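Please look over the sequence and the model before reading on.

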Amino acid sequence: MKVIDKIKNRKKTLFSIEIVPPLRGSNIEGIYQRIDHLIEFNPAFINITYHKDEAVYTTLKSGAVKKHILSKRPGTVALTASIMNKYKVEVVPHLTCGGFTHDQVENALIDLNFMGIENILVLQGDAGHKQTAFVPEPDGHTFAVDLLEQVVNMNHGKYLDSKLEQPYPSNFCVGVAGYPEKHYAAANLDSDIQYLKAKVLAGADYIVTQMFFDNKYYYNFVDKCRAVGIDVPIIPGLKPIAMVNQVNILPKLFHTHIPEDLAKEINKCADNKAALEVGTQWSIEQAKDLMKNGAPVLHFYTLGAGNSIKKIAKEIF
Ligand SMILES: Cc1cc2nc3c(=O)[nH]c(=O)nc-3n(C[C@H](O)[C@H](O)[C@H](O)COP(=O)(O)OP(=O)(O)OC[C@H]3O[C@@H](n4cnc5c(N)ncnc54)[C@H](O)[C@@H]3O)c2cc1C
């Protein structure tokens, strides 16, 4: 079922999670354990992130330099299939501009379509390791809106090869990312929202936000989006802090503010166990407030969240 239909048919705020594929060399059991803990709360969908391959160079004994293409976190599509089959739940793989040429996007979309995937989250993708800004692939897309247009074209039966005799239209429901505290590269929140509007006009069905720790950013963002005519559901993304050092790491990685009250409480914690308690309680309050104010779905980022999401879900859903 499409995410957008799940949202339309909901009787209450829905629960969803994001899973990051395990590091290369790890197995899938850790992911299953994480989902096993949460499946009783009936996630409406489970997102699986995508991480593009990186070039790694090693110097051989001869002095020659060998290039390897490695994926630090491989397996988005395989993980999508495994989770779908094991839990019979809607899975939303992420698809990024980074790592794909136009042709590879089309191949990936055909595969996802054959797998019965109905939902994808379309993104620009993170900048590569050692890059300060996103660099598109040669013959790849630059912005999420460009990738989105290719997906929408395929939904209309338009493939790259316009001479196909009976092109079969796909039927993907497409989500895109939004940033309540603005995307780090955007000049300001208003211009970022204009680009977000372009994604919605191009056919995005819903928006999932970057994590935030102060709901006022989300409410302000939703108001600004509605004021410029963005009328699709805006799903808040939540991340419970689970470690003391996340107070400094998360702002650096995700360009989000940690409110002073939360930072103070976490910094008082003697260990990560105490920090997890504080982070969990903070997320519970955030979630309750968002629910009270009609958030369509609460989407939880699970990476590095320890077992806090189970506690939160127990309290909220
Ligand atoms: C919910 C969520 C899930 C994510 N999952 C992943 C993942 O699985 N893998 C991964 O690598 N990364 C992921 N990311 C990170 C994301 O890829 C980065 O934040 C990336 O830098 C921006 O992606 P975007 O899709 O928002 O980009 P875009 O919408 O393309 O925007 C990127 C920047 O360009 C500007 N912009 C947009 N369109 C234009 C235009 N036409 N002209 C000029 N400027 C423009 C925007 O204002 C913004 O500053 C995720 C982020 C979120 C919020």
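This is a predicted model: local features need pLDDT of at least 70, side-chain atom pairs count only at pLDDT 80 or more; totals for chains, interfaces and linings use all residues.

Residues are numbered from 1 along each chain as its sequence is written, and side-chain values use heavy atoms, with hydrogens and water left out.

Some terms are needed at the start. Helices (H or I, at least four residues) and strands (E, at least two) are DSSP runs, numbered from the N terminus. Buried means under 20% relative accessible area, exposed means over 50%, and partly exposed lies in between, with a 1.4 Å probe and protein chains only. A nonpolar core is a set of buried Ala, Val, Leu, Ile, Met, Phe, Trp, Tyr and Cys residues joined through side-chain atoms within 4.5 Å. Contact, or touching, means heavy atoms within 4.5 Å.

The largest nonpolar core has 65 residues, and within it Ile 83 and Ile 120 touch the most other members. Helix α5 (residues 144-155) gives this core its largest share, seven residues. What does Ile 120 touch? Leaving out residues up to four places away in sequence, the list includes Val 92, Leu 109, Val 151, Phe 172 and Tyr 206. A second, separate core has 27 residues, among them Ile 7, Phe 213, Ile 235 and Cys 269.

Apart from residues up to four places away in sequence, Ile 48 touches residues including Ile 19, Leu 79, Ile 83 and Val 92. Ile 48 and Glu 18 are 30 residues apart in sequence, but their C-alpha atoms are 5.9 Å apart in space.

The other, Ile 31, lies in helix α2. Its relative accessible area is 2%, so Ile 31 is buried. With residues up to four places away in sequence not counted, Ile 31 touches Ile 19, Val 20, Pro 22, Leu 79 and Ile 83.

The helix pairs are described by their axes. Axes are lines fitted to C-alpha atoms, for helices over the stretch in contact, and angles run from 0 to 180 degrees between N-to-C directions. Angles under 35 degrees count as roughly parallel, over 145 as roughly antiparallel, 65 to 115 as roughly perpendicular and the rest as oblique. A crossing is left-handed if the near helix is turned anticlockwise from the far one by less than a right angle, and right-handed if clockwise. For residue classes, Ala, Val, Leu, Ile, Met, Phe, Trp, Tyr, Cys and Pro count as nonpolar, Asp, Glu, Lys and Arg as charged, and the others, Gly among them, as polar.

Helix α2 (residues 29-38) and helix α3 (residues 76-87) have axes that come within 12 Å and cross at roughly 40°. This angle makes α2 oblique to α3. The crossing of α2 past α3 is right-handed. On the α2 side the contact is made by Ile 31, Tyr 32, Ile 35 and Asp 36, and on the α3 side by Leu 79, Ser 82, Ile 83, Lys 86 and Tyr 87. Sorted by class, this contact has six nonpolar, one polar and two charged residues.

Helix α10 takes part in two of the pairs described here. How do α9 and α10 pack, and at what angle? Helix α9 (residues 260-267) and helix α10 (residues 272-292) pack at about 155°, with their axes 9 Å apart. That makes α9 roughly antiparallel to α10. Asp 261, Leu 262, Glu 265 and Ile 266 of α9 form the contact with Ala 275, Val 278, Gly 279 and Trp 282 of α10.

The axes of helix α7 (residues 215-227) and α10 come within 10 Å and cross at roughly 25°. The two helices α7 and α10 are therefore roughly parallel to each other. Here Asn 215, Tyr 218 and Tyr 219 in α7 meet Gln 286, Asp 289 and Leu 290 in α10. Gln 286 is buried, with a relative accessible area of 4%.

Lys 130, in the loop between β6 (119-123) and α5, has a phi near 70°, a positive value in a residue other than glycine. Lys 130 is exposed, at a relative accessible area of 77%. His 255, in the loop between α8 (246-254) and α9, also has a positive phi, about 55°, although it is not a glycine. With 37% relative accessibility, His 255 counts as partly exposed.
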